[in-house]
Amino acid sequence: MKLSKESRNGARVSIIVPTYNRAQFLPASIDALLPQIAGDDEIVVVVDGSTDETMDVLSRYGDSISVLNQENAGKARALNAGLQQSTGQYVWIVDDDDIVCPTGLADLLQVFEADPSADIAYGRYVRFQHELDTPARFLDTGYWTDCPPAEFLIATLEDFFVHQPGMLVRRRLYEAAGPFDEALPRSVDYDMLIRLSLLGRATSTRNIIFHQRLHDGDRGPAASRFQAHRRNQNWISNDALIFDRLHQTLPLADYLPTRRIENAEERRRALLQRGAIMARKKRWDVAITDFGHAMEQSPIALTGQEKRILRRATGSKYDCDEVFGNAAIDEGLRALSRRYPSGRDVARSLARGLVWRARDAATRGELTRSSRIARQACRWAATAWG
């Protein structure tokens with residue numbers, strides 16, 4: 001669906017496609033983008049030192065795209081180069097192995113039309129697999145969180161659920177956030193989304209914006225490639241680097257939707273929220289410390305909202321296997337229960353979160369896993385009683 005300049009008030013869109021050795025996937029990605037551009041929109045493909053047939057593939061597109069070729073240095077530098085090269089008021093970053101939907105750009109622009117105060121427009125995605133000589137097999141909708149704009153930052157800190165091909169961003173917000181962090185080996189897009197979320201307003205559509213390709217190809221720059229089956233562990237490790245830094249630098253008030261703290265109860269809630277986020281990032285030692293500091297703020301029982309925050313502590317999209325039989329976590333919760341009157345509420349609320357995961361696993365037919373999670377929930381609930 002191609003949009004006229006008039007229908008978007010003359011706004012220009014820059015589409016940046018960073019690529020490295022994905023010649024077999026790149027044409028499908030570009031072919032899905034070309035019908036959607038209008039006027040003086042631009043597609044900038046940044047080739048990060050590819051050694052396959054990428055340049056031959058791109059030569060077929062002639063002047064319909066711009067190509068920027070650099071030595072292999074990783075996705076962050078490729079994206080920074082693309083931002084410097086492009087000039088549109090809106091920026092759409094699309095991965096070289098994903099395929100945007102025919103109305104993806106129109107749907108994102110419609111979000112801005114409906115909410116002129118938005119700085120980020122985002123939508124959903126569907127995962128798919130497509131092997132050679134076989135039809136594409138579409139799987140489920142990717143991890144998603146429904147949230148109002150005021151809660152987008154918290155939802156993003158809890159988990160990375162908005163991906164670059166699924167969001168359109170005003171250039172001025174990228175300029176305010178600064179360049180992608182080239183020192184990060186992974187998770188550069190997550191780090192950037194957090195920085196964007198701190199500065200701008202994000203509004204969503206429930207429409208599917210792109211199809212995320214699942215495949216077994218290697219990831220990462222040439223100097224530190226890793227296989228697809230290791231991607232979750234790599235993301236977990238690099239997310240921990242980001243959140244260790246955030247724990248030290250992000251103001252505590254930013255862990256509340258209001259982004260302000262005016263009394264002890266709000267400070268307690270912010271500490272519980274930060275602790276729950278750190279637990280989702282597998283940083284349970286930090287989380288337990290935050291839970292303890294939260295208990296020091298007020299002796300009253302936890303509110304329903306605070307209990308819900310804690311129940312989400314074990315809700316990471318990367319599961320919570322690290323809690324099974326973890327004596328340090330068990331002892332930390334036991335100490336909270338003994339020391340603070342509302343410490344028992346912490347242990348019980350965390351246990352309730354595990355019960356939800358056990359039920360979810362049972363629904364999917366994973367009965368052995370469900371039983372294991374339920375046993376851990378019982379251990380945590382028991383800590384509330386000494």
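1. Basis. Residue numbers start at 1 along each chain as its sequence is written, and side-chain values use heavy atoms, without hydrogens and water. The model is predicted, so to speak of local features takes pLDDT of at least 70, side-chain atom pairs count only at pLDDT 80 or more, and totals for chains, interfaces and linings use all residues.

2. H10 and H12. The axes of helix H10 (residues 284-295) and helix H12 (residues 327-339) cross at roughly 0° and come within 10 Å. H10 is therefore roughly parallel to H12 (angles under 35 degrees). Trp-284, Ile-288, Phe-291 and Gly-292 of H10 meet Ile-329, Gly-332, Leu-333 and Leu-336 of H12. By class, this contact has six nonpolar, two polar and no charged residues; Gly counts as polar.

3. H11 and H13. The crossing is right-handed. Lys-307, Leu-310 and Arg-311 of H11 make the contact with Asp-345, Val-346, Ser-349, Leu-350, Arg-352 and Gly-353 of H13. These residues divide into three nonpolar, two polar and four charged.

4. Asp-189. This residue lies in helix H7 (residues 188-199). Asp-189 counts as buried because its relative accessibility is 16% (buried means under 20%, with a 1.4 Å probe and protein chains only). Apart from neighbours within four places in sequence, Asp-189 is in contact with Lys-75, Phe-160, Gln-164 and Phe-180 (contact means heavy atoms within 4.5 Å).

Notes. Axes are lines fitted to C-alpha atoms, for helices over the stretch in contact, and angles run from 0 to 180 degrees between N-to-C directions. Helices (H or I, at least four residues) and strands (E, at least two) are DSSP runs, numbered from the N terminus. Angles under 35 degrees count as roughly parallel, over 145 as roughly antiparallel, 65 to 115 as roughly perpendicular and the rest as oblique. Buried means under 20% relative accessible area, exposed over 50%, partly exposed in between (1.4 Å probe, protein chains only). A crossing is left-handed if the near helix is turned anticlockwise from the far one by less than a right angle, and right-handed if clockwise.
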